[in-house]
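Come along and check each entry against the picture.

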Amino acid sequence: KLFHLATCLPSARVFTCRMLNLLREATFPVQLDSEFFLDLCWWRSFLPIFPGFSLLKDPDWSAGLLSTDSSLQAAGAFLAGNFNYYISVPFPCHILDKKLSIHCLEILSLLVAVKQFGHLLPRQQLLIDCDNAITVQAINTHKSRDRFVQTALRELWFLESQFHLTIRCQWISSKANLYSDLASRMTFDPHAAIKFHELTKSLSPPIRQIMPSSNMFDFNFIDA
C-alpha cells in the first residue's frame, strides 16, 4: 500500500527508496535495518496529517529563475530575476574527501542553492535549470538507486516543506547553462572568471556573489 501511495504522491518516493534497496540486496529471510524502520516512522507521522490529492492543475512554473552546476572542485549557481545573485564556492574538504561522482556533486550544488536562496522564493513552483541528466531525472521522479542521491532527495523534500516550494528540474545544455557553468569553474580557472564577469557586468541590478557557509553542504534532515 505504501508503494501504491508513493506512485500517487511522487514526492514521497524518497521514503520508499531505502526499503526497495534493502529488498533488492537482501537474502531471505530479510533482516530489516534501522533505515527501514526510520522510513516507516516517517510514514506513520505523515499519513494522519496527509490532506489527500488535488486534481487541480499546477499553476505556472517559475522557469529561468534559478540554475545550478558543478565541477569536480566547486559549486555554482545563478539566481536571476530581480536578484542577480550567484554562488561560486569550492567544495569543503570533507566533501572532496568523499570522492563523489559528478552527479552527486551536481545534486549537492542544487541543494546548497535551494538552502541559500529558498527564503527569497517562497510558495513558488520552481523549475531549476541543470545540465546533468541524472540529477534532473532523480529530482523529477523522486527516486534513485544511489544512496547519496536518495539522502539528497530526502533533504530536498524537507527544504521544499521549509520554504513552501515545489521543485522540478529541466535539463539544459552546458552552453545554455553558461552563468552557472562558469561560476562552478571560476574559483580555479581565471579564464572562466574573466568571462563570467565580462558577461554579467551590464546586468541590472548589479550581480552580487553570495557565499554559502560550509555547513550548507551537510545533510541536516537525514532521518527527521
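Which residues in α2 meet which residues in α7? I found C17, R18, N21 and E25 in α2 meeting R147, Q150 and R154 in α7 (contact means heavy atoms within 4.5 Å). I sorted the residues of this contact into one nonpolar, two polar and four charged; Ala, Val, Leu, Ile, Met, Phe, Trp, Tyr, Cys and Pro count as nonpolar, Asp, Glu, Lys and Arg as charged, and the others, Gly among them, as polar.

A note on what I am reading: this is a predicted model, where local features need pLDDT of at least 70, side-chain atom pairs count only at pLDDT 80 or more, and totals for chains, interfaces and linings use all residues. Residues are numbered from 1 along each chain as its sequence is written, and side-chain values use heavy atoms, with hydrogens and water left out.

**Entry: the helix pair.** I looked up the axes of α2 (residues 17–25) and α7 (residues 147–163), which come within 10 Å and cross at roughly 160°. Axes are lines fitted to C-alpha atoms, for helices over the stretch in contact, and angles run from 0 to 180 degrees between N-to-C directions. Therefore α2 is roughly antiparallel to α7 (the word is used for angles over 145 degrees). Helices (H or I, at least four residues) and strands (E, at least two) are DSSP runs, numbered from the N terminus.

**Entry: the sheet.** I traced six strands in an open sheet, in the order β5-β4-β1-β2-β3-β6, with mixed pairing. Two strands pair if DSSP finds at least two bridges between them.

**Entry: β3 and its neighbours.** I saw that β2 (residues 74–79) pairs with β3 in the antiparallel sense over six bridges, with L79 opposite Y85. Strands β3 (residues 85–90) and β6 run parallel, joined by two bridges: Y85 partners R208, and Y86 partners Q209. Is β3 mostly covered or uncovered? Mostly covered, I noted, with five of its six residues buried (under 20% relative accessible area, 1.4 Å probe, protein chains only).

**Entry: the core.** I looked up the largest nonpolar core, which has 51 residues; such a core is a set of buried Ala, Val, Leu, Ile, Met, Phe, Trp, Tyr and Cys residues joined through side-chain atoms within 4.5 Å. Among the members touching the most others I listed V114, F117 and I167. Helix α5 (residues 102–117) gives the largest share, 10 residues.

Key: Parallel < 35°, antiparallel > 145°, perpendicular 65-115°, else oblique. Buried < 20%, exposed > 50% of the residue type's maximum accessible area, 1.4 Å probe, protein only.
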